[in-house]
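Here is a friendly briefing to read alongside the model.

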Amino acid sequence: MANQVDDSVDGGADDRAREAAIEAALGKLDLDTKARLLAGQDMWSLPAIPEIGLKSLVMSDGPIGVRGVRWTADDPSIALPSPTALAATWDQALARRAGALLAQEARRKGVHVLLAPTVNLHRSPLGGRHFEAYSEDPYLTGVIGTGYVQGVQSGGVGTTVKHFVANDAETDRFTVDNLVPGRALRELYLAPFEAIVANAHPWGIMTAYNQVNGTTMTEHRYLVNEVLRGEWGFDGFNVSDWLAARSTTGAVKGGLDVAMPGPQTVYGPALAAAVRAGEVEEPEVDEAVRNVLRLAARVGILEGAEPVVPPARRPAEIDGEALAREIARRAFVLVRNSGVLPLRPTTRIALIGAAARDARVLGGGSATVFPARIVSPLDGLTAAVDALGYAVGADPSDELAPADKGFTLRAVCRDADGNVIGEGSLPSGQLQWMGADLPAGVTHETLHSIEIKGTFTPRESGDHAFGTRGLGAFTLTVDGTVLYDGVQAMGSETDPFEAFFGAPLERGRVHLTEGRTVEVSLQHPLDKSLAMPLPAVIFSLTHLGPRRDEDTLIAEAVAAARDAEAAVVVVATTERVESEGFDRTDLRLPGRQDDLVRAVAAANPNTVVVVNSGSPVELPWRDDVAAVLLSWFPGQEGGDALADVLLGAEEPGGRLPTTWGSLTDAPVTGTTPADGRLAYTEDVFIGYRAWDRSGATPAYPFGHGLGYTDWAYESIDVTGTTATVRVRNTGARPGREVVQLYLAPIEPDPARPARWLAGFAGVSAAPGETVEAVVELPRRAFEIWDESTDSWAYQEGSYELIAGRSLTDGRVTETIVA
Ligand code: BGC
């Protein structure tokens with residue numbers, strides 16, 4: 001049964017003891033201290049209150065790793081595959097193991113609460129942050145999110161299920177009012193949160209930046225107090241998304257417990273003042289404090305309260321690298337295979353593509369972590385095959401990116417007199433210091449200027465472009481030449497993270513020689529007059545290598561492919577395509593990658609394309625190549641996992657958690673608000689529900705994915721609400737099948753989708769073996785939200801229950817009467 005209840009980590013008597021400890025602690029606090037506890041003391045933590053034995057509660061992103069409180073590579077983190085990849089495993093137990101590993105990572109870094117999982121839905125394929133969410137389907141999202149939360153919390157670490165709710169796109173995310181019809185809200189967008197609250201009992205939730213139906217989510221009394229806490233019984237803490245809380249009274253009355261980040265927030269002294277002014281009742285503050293103390297008690301930082309998971313009951317130590325590799329290969333979705341895969345280790349392979357060498361293993365924004373190592377496809381295949389050639393073919397990054405390969409950088413901090421007061425190491429040219437996250441000996445008060453300084457050893461000769469990202473004054477010098485000395489002013493951006501996510505600007509080019517090291521320096525005096533919402537320094541030194549003639553690059557790749565027995569082309573999106581902070585404008589692969597694939601496929605009939613993106617891209621050549629493997633953002637071990645799968649040591653285990661199709665055919669695409677509002681006019685029809693209604697055929701349907709064996713579906717039997725599907729492995733290799741069950745009303749109802757996912761189960765079988773997938777059909781699969789009664793309404797009638805390999809590949813059916 002996929003969606004199982006696991007409340008084994010909380011117990012009644014323990015809960016009562018913790019509640020008593022919480023009340024005792026609360027009783028000792030005065031109003032000012034209570035108000036202070038509800039406000040971030042810095043970017044990531046709440047204040048300690050030694051009088052009641054409360055330690056400082058530390059939070060960190062999330063979701064594919066645990067960054068910790070410092071944004072640097074000095075303290076590396078395991079980087080798992082992207083959330084879309086985790087969802088593609090369709091495996092709750094694997095999600096649970098991922099969560100348990102992240103709890104281990106969190107404890108290692110002194111983190112008590114992981115800012116994850118993201119369970120917003122893939123409403124429009126243009127959503128810039130889709131790589132960080134799971135699926136277009138609320139049920140699948142709920143199942144994976146449940147496993148993840150259970151796993152993290154089994155290690156004694158809290159989660160914040162986010163972003164509550166309807167933060168499904170990035171455009172104007174701080175202000176947009178998403179107009180979501182009542183049924184869509186319940187049946188789609190709230191559904192994963194509801195399932196996770198019911199099945200995983202999360203200790204936290206994060207309320208989103210956006211508004212829903214006219215009310216901003218950090219003040220949404222109805223959705224937070226009545227639905228989440230009232231109807232669903234959520235008893236965890238509610239933290240604002242970073243800088244989302246805007247009003248003291250509105251937030252506290254809207255059920256927001258903690259305003260992050262600090263030190264300047266709408267809580268703290270402002271909250272105490274609001275109570276004294278009679279605008280807020282002290283019991284309302286107490287309720288929020290209780291929720292924070294409950295979290296503290298659960299994670300074991302409130303004296304006198306037993307943590308939910310005492311050290312002795314924590315999961316056994318997990319090998320993070322091994323798990324990252326396992327999840328990656330279980331997530332890879334083989335959408336097309338003419339039979340070319342698996343390749344043999346003796347096959348002469350031409351590996352092609354910029355992302356084959358510089359792997360893109362994770363998406364951009366707050367989800368970024370710094371792994372200790374990255375195994376690229378080139379690394380992974382070099383280790384695994386006898387004869388491998390490599391050609392770049394096409395470079396999709398036509399924009400500058402934070403200085404990375406070939407750079408050795410550090411940050412030199414100076415005071416107002418120009419004296420060096422400290423130095424920090426930098427993993428790349430991207431510098432982001434928030435709150436207390438500063439090099440030893442440096443404070444925001446003493447810090448007056450920063451210099452990103454170091455060396456660059458080019459891999460290629462030619463004209464190298466250098467630039468900046470961020471706001472304020474910059475002096476950029478490369479190899480003794482000043483390329484820029486000026487000021488970048490704030491434009492019309494409304495996103496306070498613009499310096500973080502904004503476009504890099506080219507400031508000049510220098511001709512450099514391969515292997516000859518040069519000095520680089522980017523000086524940045526801080527503008528102390530700027531009113532910042534929190535003490536932070538964010539700017540980047542950016543770089544773009546020489547642009548070689550694109551036709552020549554493709555010709556070189558074609559020549560390499562012609563000489564090889566098989567060509568493996570890795571195509572990818574870039575950080576400027578998929579990231580937090582903005583939506584996509586199209587679904588095309590950037591640069592000349594489509595031309596590259598066509599040219600290579602014409603030269604070698606055994607062309608395998610590996611698509612390295614976090615969410616759907618268009619694959620216009622897909623029927624002209626021998627195989628297409630979607631690798632998502634595969635995490636730090638992606639290259640080894642790729643070798644495992646391409647060479648057949650393991651089969652690719654993933655199934656699509658989201659429909660892949662072209663933008664022109666996609667039924668729901670809009671992410672740009674009009675007059676500040678984004679109307680979800682499609683109601684309950686997103687993802688495959690919408691494709692079914694529009695009648696358009698996507699490139700690959702929801703649930704699709706091939707392994708290396710074949711399956712025969714022999715029978716389906718339904719007894720009560722239990723469906724049993726017998727499948728036989730008819731191929732020559734052992735394999736794993738994801739048996740999917742879709743429910744379709746026999747009498748079509750235009751107000752309902754034609755069919756929807758009602759359950760699934762993964763089964764493994766040896767060649768010739770028959771196994772049973774047993775799936776419990778949840779009552780909710782038969783219900784719709786009835787707006788006239790504000791309740792779920794069971795829809796009696798006849799349904800076809802279809803078991804199959806994907807939404808559109810049904811193999812056995814049974815008619816059931818509900
Ligand atoms: C993101 C959150 C994240 C937070 C802290 C916000 O901008 O929307 O998902 O947890 O920053 O980094």
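In this predicted model, helix H5 (residues 138-154) packs with helix H7 (residues 191-200), their axes lying 8 Å apart at an angle of about 40 degrees. That angle makes H5 oblique to H7. The crossing of H5 past H7 is right-handed.

**Contact of H5 with H7**
- H5 brings Pro-138, Thr-141, Gly-142, Gly-145, Thr-146, Val-149, Gln-150 and Gln-153 to the contact.
- From H7, the contact residues are Ala-191, Pro-192, Ala-195, Ile-196, Asn-199 and Ala-200.
- By class, the residues of this contact of H5 with H7 are seven nonpolar and seven polar, with no charged ones.

**Contact of H12 with H18**
- Helix H12 (residues 320-331) and helix H18 (residues 638-646) cross at roughly 45 degrees, and their axes come within 8 Å.
- At this angle H12 is oblique to H18.
- H12 passes H18 in a right-handed crossing.
- Arg-325, Ala-328 and Arg-329 of H12 make the contact with Asp-640, Ala-641, Asp-644 and Val-645 of H18.
- Three nonpolar and four charged residues make up the contact of H12 with H18, and no polar ones take part.

**Cavities**
- Rolling a probe the size of a water molecule over the atoms shows where empty space is left.
- Searching the whole structure turns up eleven cavities of 30 Å³ or more.
- The second largest cavity has a volume of about 150 Å³.
- This second largest cavity is lined by 17 residues, and the closest to its centre are Arg-123, Pro-125, Glu-136, Thr-659 and Trp-691.
- The lining of the second largest cavity divides into seven nonpolar, eight polar and two charged residues.

**Backbone details to look up**
- Most residues other than glycine have a negative phi, and most peptide bonds are trans.
- Going from Gly-62 to Pro-63, the peptide bond is cis, with omega near -15 degrees.
- You can find Pro-63 in the loop between strand E1 (59-60) and helix H3 (83-88).
- The peptide bond from Ala-116 to Pro-117 is cis, with omega near 0 degrees.
- Pro-117 sits in the loop that runs between strand E2 (113-114) and H5.
- Ala-166, a residue other than glycine, has a positive phi, near 70 degrees.
- The place to look for Ala-166 is the loop between strand E4 (161-164) and strand E5 (177-179).

Definitions and conventions:
Residues numbered from 1 in each chain as written. Predicted model: local features only at pLDDT ≥ 70, side-chain atom pairs only at ≥ 80, totals over all residues. Heavy atoms only, no water. Axes fitted to C-alpha atoms, helices over the stretch in contact; angles between N-to-C directions. Helix = DSSP H or I, 4+ residues; strand = E, 2+ residues; numbered from the N terminus. Parallel < 35°, antiparallel > 145°, perpendicular 65-115°, else oblique. Left-handed = near helix turned anticlockwise from the far one by under 90°. Contact = heavy atoms within 4.5 Å. Nonpolar A, V, L, I, M, F, W, Y, C, P; charged D, E, K, R; others polar. 1 Å grid on protein atoms, 1.4 Å probe; cavity = no way out; pocket = protein on both sides within 12 Å on 5 of 7 lines; lining within 4 Å. Points joined across faces, edges and corners; volume = space filled by probe spheres on them.
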